[in-house]
Protein chains: 2
Amino acid sequence: MELMIPVQTSAEAKMPLYEQIYLYLKEEIRSGRLKYGMRLPSTRLLAENLKVSRSTTQMAYDQLLSEGYIESRPCKGYFVLDIRELVEIRETAVNEFFGEEQEKKNKWKIDFSPRGIDLESFPYGTWRRISKKILVDDKKELFLSGNHQGEPSLREAIGNYLHTARGVRVSPEQIVLGAGNEYLLMLLYQILGKDRVIGMENPTYKQAYFVFHSLGYQVMPISMDAQGIQVDKLEESGADVAYVMPSHQHPMGIVMPVRRRMELLSWAARKEGRYIIEDDYDSEFRYRGKPIPALQGSDREGRVIYIGTFSRSIAPAIRISYMVLPQNLLYSYRQNCGFYASTVSRIDQNILYEFLVSGAYERHLNRMRAIYKAKHDILLSKIRPLENKFEILGENAGVHILLRVREKAGKTVSEQELVERAAAYGVRVYGLSGFFIHPNHNEYPAMLVLGYANLTESEIEEGMELLKTAYLECASKK
Amino acid sequence: MELMIPVQTSAEAKMPLYEQIYLYLKEEIRSGRLKYGMRLPSTRLLAENLKVSRSTTQMAYDQLLSEGYIESRPCKGYFVLDIRELVEIRETAVNEFFGEEQEKKNKWKIDFSPRGIDLESFPYGTWRRISKKILVDDKKELFLSGNHQGEPSLREAIGNYLHTARGVRVSPEQIVLGAGNEYLLMLLYQILGKDRVIGMENPTYKQAYFVFHSLGYQVMPISMDAQGIQVDKLEESGADVAYVMPSHQHPMGIVMPVRRRMELLSWAARKEGRYIIEDDYDSEFRYRGKPIPALQGSDREGRVIYIGTFSRSIAPAIRISYMVLPQNLLYSYRQNCGFYASTVSRIDQNILYEFLVSGAYERHLNRMRAIYKAKHDILLSKIRPLENKFEILGENAGVHILLRVREKAGKTVSEQELVERAAAYGVRVYGLSGFFIHPNHNEYPAMLVLGYANLTESEIEEGMELLKTAYLECASKK
C-alpha cells in the first residue's frame, strides 16, 4: 500500500515532520479511511516514499502505537487497530467519572472498586471538633491568602510524618501542597518543561496517564516483570521521566525489591535531567513483611520527586496532596510556579494540621490498618478454596488484590466473560485490561482487580460467593 | 554585525527554525555576549545570512520582543535591552509573593495594595454558623469524591447569580468550579490546546500573564486606548485567544463601551477557533453609572469563556473560582479534562452554597459596596484638592483608582521617584510600570495604582497626606 501523505518539509513548517505524518495517519484512521486490520507500509518503505528519514517514520508510528491506533505484529508489520473500542473505553471512562456515585448506588449490589475507601470508620466527630475549634479561634488571617507552597506548620508536620513513616529525606521548603495529585502533576509540567517523554509502568494508574496525555506529553508504556518496571526497556524507550509506584504498584500490587530500585536510581543518575516521579499513593496500608521505605529515601542524586495524598488515608473529598521536590528543582519551581497561590483553602490546611499533630491521624491510620486487615483476611479466606481457579497476587499491601484466572486444560475463562457474568449478579469486578495505557497492549492473561475497602465483611463474603457462581457458569460453557 | 547562528535546517530538526534562532539569541543576551544597547541585524539581513525566510527571523525577533530581551526602535532597528532589570523584576515578584504578608506587617505603615480586600467586614459569624451546620448535618457523602465540575446545587446557585447580577447566559452544565482562577486557566490550556497565541491588554493582570507564560503560550501584549483593547491591533497580532477585563480593566480601570465590545465579539466570530476569555474579577463593586452586563451576555456565537472568583467578594483564602464554558467547548472539556476530580473540597462547596442561597452573600455584597464606596469617596475627597498635580482615572468601579502625574512646565515627577519617596514615609504605592507584560513596554506617562480596600478611612487620609508630601519633595527637586 502506498500512502500519499502531504508532508511539508520546508523549513517553514511549524510542525516537526514526524508529527505531520502521525496526525495525518491518525485522522485517516479516525475517519475510517484506513480501516481496522489494514496493514501499514513498513517504516522503511514509507520513509523512501516521503523522502524523509526512517527515524522520522518510526517516531510517527511509535506515537500511533502508544495511543492505540495501530499495533505492531512481530515479523508482520504494523496494523490498524479497532478504534471503536478505544473511543468507547475513553467515553465510558468519562461517563463513569461523571455519574460515578449515582451509578454505584443504583446499579451495583456489590462493587469491588479498587478506588474505594472505608468511610464508615472515618472519625467524623474528631474532624468536626477540630473544624469548630479552628473557626472559633477567630483567626481572621485564615481568610487572607497564605503561603504559596502551603502553611509552613502543616508542611513541617507532613515532613515529619514522611520522614518517620516513609524514610523520606525532606525539609519543609521542599514540600508543595496542592488540591489533588492531578494539580501537582500540572505544576510538574511547568517545572520539568513540556519537552519530556514519560515512561509509565503498564498497566498503571490511569488518572496519571490521562493528565500526562491531556498536557500533551508523549507517554511510553513500559512493561513490568515480577520485580516491577523493566529498567532496560525504560532505557530503550527514550523516556527521561519515569512515573512509578514502587511501594505497591497500581494495579499489579508489586513491591519493587531493593535491587530493582537501585537499577532505577542508576538509570536516573546516568543522564542529566532525568527524573523519577514516585507516587506513594497507599503506602499507609501494609499487612506482611517489613515496610520498605520510599524510593526517595535512597536517592542521593536528587532525582526523585515524591508525591503522596490524603485522599485515601483520610477521604477523597479532602483535596490535599503533597509533593516533595529535590533541591535542584526548587529554583525551577520558584521561577515557573512560585507565583501560584495555593489551591488548598487555609482553613482546611489548619484543620489537617491539627488532625496530624494531635495524634488523631496516627490513631485513625492504626484503626484503619486493623479494619482493612480484617477485610483483607476475609477476602483471602473466601478465595483460598478457589485456588485451583484463581491465583492471588499483590496481597501484601494496599486495599486491593489481583486474581489471575487459571487455565483449565488449555482453556481459560476470559476477563470480559467473567466481568459480564458477575455484572448479571449485580457484582462489579474490574478486568485488568482497563488499567493498560492502551487496552490492546494487554500482555497478561485474564485477571481481575478486586478492591475491598468500601465493602463490609458480609458484602465481601456475598460478593465472592456470587463471583464464584459467575466463574463456574463461564467455565461450564467451555 | 553578522551573527553566526548554528541553525539546523534539516528535516530532522526537532525544533522549528524560528525557535532555534530565538533560543540562540536569548542565550547570547542572557550570558552577556550580546550586550545592552547593541543593535541586532535587521530581520532581512539575518534571513539572508542564515538562508532562511524573513518571516522566520521575524518570528524569532517577535518572541524576543514579547519576552523583553530586545526592543524595536522605529526606523532604527532592534536593540538589546538591559536584562538585569527583567531578571530583577521577576525575582522581586517571586520574593514578594513568598514573603508577602510578613513584609506587609513589618515594613509598611500604609499599603495602597490593589490586591487587598477589607476583611474586617467579613461576616465571620455567619460563615462559622453555616460551617458548623454543614458539619453537624452528618452527611458522610461530603467526604466522598463529588461531581467533577462541582456540586450541581452550587453550580445552579452561581448560575442564577450570574444571570441576575451580570446578565450571563448560562446553564449549570456549562459551569466548572476550580480552586482559583489560575487552576481554571490550566484547564483551559488543555481545552483550547497548546498551539494558541494569547492577546492580552497591556498593562494587565500579571498573574494571568505568568500562568500563560509558564504554560508555554506565546503572549502578545495589545495596546489600549480610552475604550480598552484596540481590536485592530489584536487582529494584527495574530492572537487567536483574547484575555480581557471589559467590566473594569485591571489596572487601567477602563469600562469597555458597548461599541468596542461589539468589535471584539466580531473579531472572535471572524475566524474559526477564536475565543475571548472574559475575566470579570471585581464586577461586584460599582459606584457610578448603570452596571454594564458581562460581555458574555452579548455573545451569540459561543466565543466567550467567562471567569469569575469569590476571592475578592468573599476572601482570598476561599479558593473557589468558576468558569462558564460556551456550549461548543463542553465536548472538548469533557474529552480532555472530564477525568479531573474537582479541586475544591466538597465541604467548602456546601458552605458556599448555603452562604449564597441563604441571602447572606447578597447582604454581604451590599454591605461591602457601601463600605468601599465610603472609602472611595474619602480617597477622592483627599485627591480633589491635588487635581493640578494628579489626574484621577478609573474611579467608577472596583476597589482601586489610578493617578496620572501631571506635567509641570514640561517637567514631570517620575513614577520611580514618587514610589521611592513615598516608601521613605512608610507608604507603599504601586507604579503602573509593574503591570506591563514587559516593563520596558510602558507607553504611558507616570501613573500610580492606588488600592484602598484593606485600608481604614483614617489610614487613607494619612496615606494621602504623606503621598502629597512625597510628591512635593520630588517636584521641588526639579
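Contact here means heavy atoms within 4.5 Å, and that idea runs through this briefing on a predicted model. Chain A and chain B meet through 70 residues from chain A and 70 residues from chain B. Between them the two chains bury about 6,300 Å², where buried area is the accessible area (1.4 Å probe) that two parts lose on being put together, summed over both.

A word on conventions before the details. Residues are numbered from 1 along each chain as its sequence is written, while chains are lettered from A and ligands numbered from 1 in the order in which they are written. Local features need pLDDT of at least 70, side-chain atom pairs count only at pLDDT 80 or more, and totals for chains, interfaces and linings use all residues, with side-chain values based on heavy atoms, leaving out hydrogens and water.

**Chain A as a whole**

- Chain A contains 15 helices and 18 strands; these are DSSP runs numbered from the N terminus, with helices being H or I of at least four residues and strands being E of at least two.
- Of the 478 residues in chain A, 59% are buried; buried means under 20% relative accessible area, exposed means over 50%, and partly exposed lies in between (1.4 Å probe, protein chains only).
- The accessible surface of chain A is about 19,300 Å², and 50% of it belongs to carbon and sulfur atoms; such areas come from the Shrake-Rupley method with a 1.4 Å probe, and for residues only the protein chains shown count as cover.
- Among the contacts in chain A with a separation of 6 or more, 73% are made by residues 24 or more positions apart.

**Where the two chains meet**

- Carbon and sulfur atoms carry 59% of the area of about 6,300 Å² that chain A and chain B bury between them.
- There are 0 salt bridges between chain A and chain B; a salt bridge is a side-chain nitrogen of Lys or Arg within 4 Å of a carboxyl oxygen of Asp or Glu.
- The two chains do share 17 residue pairs in polar contact, both residues at pLDDT 80 or more; a polar contact is a pair of N or O atoms within 3.5 Å, and within protein one must be able to donate a hydrogen and the other to accept it, with residues adjacent in sequence counting only if both atoms are side-chain atoms.
- On the side of chain A that touches chain B, the elements giving two or more residues include α3 (54-66), α4 (83-107) and α7 (181-192) of chain A.
- The residues on that side of chain A divide into 35 nonpolar, 17 polar and 18 charged; Ala, Val, Leu, Ile, Met, Phe, Trp, Tyr, Cys and Pro count as nonpolar, Asp, Glu, Lys and Arg as charged, and the others, Gly among them, as polar.

**Y189(A), with partners in both chains**

- Y189(A) sits in helix α7 of chain A and is buried, at a relative accessible area of 3%.
- Leaving aside neighbours within four places in sequence, Y189(A) is in contact with K194(A), L215(A) and Y217(A), and also with Y189(B), K194(B) and L215(B).

**Salt bridges within the chains**

- Over all chains, the structure holds 38 salt bridges.
- In chain A, the side chains of E48(A) and R44(A) form a salt bridge (3.2 Å, N to O).
- E48(A) and R44(A) are about one helical turn from each other, because they are 4 residues apart in helix α2 (residues 43-50) of chain A.
- Both ends are partly exposed: E48(A) has 48% relative accessibility, and R44(A) has a relative accessible area of 42%.
- In chain B, a salt bridge joins the side chains of D111(B) and R428(B) (3.9 Å, N to O).
- D111(B) belongs to strand β4 (residues 110-111) and R428(B) to strand β16 (residues 427-428) of chain B, so the pair ties together parts that are 317 residues apart in sequence.
- D111(B) is buried, with a relative accessible area of 5%, and R428(B) is buried at 12% relative accessibility.

- The side chains of R260(B) and E263(B) meet in a salt bridge (3.8 Å, N to O).
- E263(B) is partly exposed at 33% relative accessibility, whereas R260(B) is buried at 9%.
- Q230(B) is in the loop between β9 (228-229) and α9 (231-237) of chain B, and is buried at 16% relative accessibility.
- A polar atom of the Q230(B) side chain lies 3.4 Å from the backbone oxygen of M224(B).
- Beyond its neighbours within four places in sequence, Q230(B) is in contact with residues including M224(B), D225(B) and R260(B).
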